Structure formats: structure tokens, C-alpha cells
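Here are my notes on this chain, point by point. Please read them with the model open.

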Amino acid sequence: AFKAWRGIEPNFKSISVTGTGDVYATSDIATFSFSVSADADTVSDAQSQVTNKMNAALAALKDLGIEEKDIKTSNYNVYPKYTYQQAVCTQNYCPPSRQIPDGYTVSHDVTVKVRKTDDAGKALAAVGSAGATNVSGLSFTTDDPSLLQDEARTLAIEDAREKAEALAKSLGVRLGKVVTFYENSGDYPQPLYMSKEMAVDGRGGATAPTLPIGENQIVSNVTIVYEIK
């Protein structure tokens, strides 16, 4: 009965502490998204324009050594366009504007993972030259952050235990077993954003931008409740 009661109220005779651990790692992959869109009188014409530009962009990416598994369609939309024509107003009444069909818009969104970070700028320039309508969301991250997360968690647990031991010493008690454990963790890549207005060289192609890679911070925050004796 006593054990069941303690399970309901774990903070009975306990110390709750928080700990933080963080590690830094140089990014080893880059990811970004780009889209191609076109307007036309018919869906098929708009789709043909988008397909031609997208095929050119994908070919340019593959020429850089980017594999198909790292290129993924994230969205594909087809929707009608409209214009609004104001009707002639009379002296006492002005009717609402009329919605008139004005063709179709087709857009194709793709997400790209660049495993050679030095080629990230070249990839942006390549899709820009191929007719990408928008390029955005460039970020440098680590492909497998699990080992770094484990390291950050270990540091956070050590930080929490040191705080608990210091607090227990001040209170004149001894630490017992861990009653509860909670972790709140995450990495924080620094994203960059670009639009299609890229610098253009004299040959009509987009100039590959220089992109500082920097580091990613992996953070783990833990809360541990220790039994005290």
C-alpha cells in the first residue's frame, strides 16, 4: 500500500533538478526546397511548361552527383485562375464584380538533400538557371544526429546529478534512486532563405553563392527527480 501511494505522489521526499547539455557539430548535409510554376490557358500547356523546366532542374542536380533518393516531390498543385470584372454601375445600384476564368496555374515543389555541402551553392545556382520559380529553406544539418544527441543527453544528466548532489549536501540528506526522468531536446540549424532573384553571370547562368556552413547546436534538457534519504 505504501509503494502504491508513493507511485501516485512521486515528489514525496524527493529533489527535482534540471540539467542542460549541448554539443556542437559541423554540418555534413544541406537541404533546400525549390518550386517551378507556370500559367497557361489550359492545364496541359501549364503542365508541359512545368515539366520541361523541372526536368532541366533535375538533370542539373544529377550532374552534380545528387542521387534520386535525395530528391523528393513535396507538392504538386493544379488550380484555376480568375480575373474580376467590375460590372457597369447604374445611378442607384452597383452590382458586384464578376469572376471570369483566366487559365490555370501548375506548380511542382521539390525538396533536395545535398550530401556534399560544398556543392550546396552550385545546386542553388543550377535550379535557378533551369527556371526555378522559388528557392527557399536552405539549412545545414547533420545527417545522423543520434550520436550527438546521446552525447548531449549524457552531459545533461551529469549536470543534473551534480546539481542534485550539491543540493542534497546543503540539505543534509542523501540521494536515492531516480524516481522520474524527462527529456526535452532538439537541434537548432540556422536556416537561410533565397528567392529566385539570384546573381547572374555574363553567360546568363546563376552564379553559385558562397555559403558559410557553420555548426549546429544539439541541446538536451532533462528533469530528474531523485528520492532522498
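1. Buried means under 20% relative accessible area, exposed over 50%, and partly exposed in between, with a 1.4 Å probe and protein chains only. By that cut-off, 33% of the 229 residues of the chain are buried.

2. On provenance: this is a predicted model, where local features need pLDDT of at least 70, side-chain atom pairs count only at pLDDT 80 or more, and totals for chains, interfaces and linings use all residues. Numbering starts from 1 along each chain as its sequence is written, and side-chain values use heavy atoms, with hydrogens and water left out.

3. Layout. The chain has four helices and seven strands. These are DSSP runs, numbered from the N terminus: H or I of at least four residues for helices, E of at least two for strands. From the N terminus the order is α-β-β-α-β-β-α-β-α-β-β.

4. Contacts. A contact is a pair of heavy atoms within 4.5 Å. Among contacts in the chain with a separation of 6 or more, 83% join residues 24 or more positions apart.

5. A nonpolar core is a set of buried Ala, Val, Leu, Ile, Met, Phe, Trp, Tyr and Cys residues joined through side-chain atoms within 4.5 Å. The largest one has 27 residues; Phe32, Phe34, Leu61, Val112 and Val127 touch the most other members. Two or more residues each come from β2 (29-40), α2 (43-63), β4 (98-114), α3 (120-129) and β5 (134-141). β2 gives the most, with six residues.

6. Val112 up close. Leaving aside residues up to four places away in sequence, Val112 touches Ala30, Thr31, Phe32, Phe34, Leu61, Ile66 and Asp70. Apart from this core lies another, of 11 residues, including Ala156, Ala164, Leu175 and Val222.

7. Geometry of α2. The expected span of a helix is 1.5 Å times one less than its number of residues. For the 21 residues of α2 that gives 30 Å, and the end C-alpha atoms are 30 Å apart, which agrees.

8. Which residues of α2 are buried? They are Ala46, Val50, Met54, Ala57 and Leu61. Seen down the axis of α2, the buried residues fall within an arc of 60°, so they line one face of the helix. The arc is taken over directions from the helix axis to the C-beta atoms. On the face turned away from the buried side, α2 carries the exposed residues Asn52 and Asp63.

9. Partners of α2. Its buried residues pack against β2, β3 (71-85), β4 and α3. Glycine 65 follows α2, with a positive phi near 90°.
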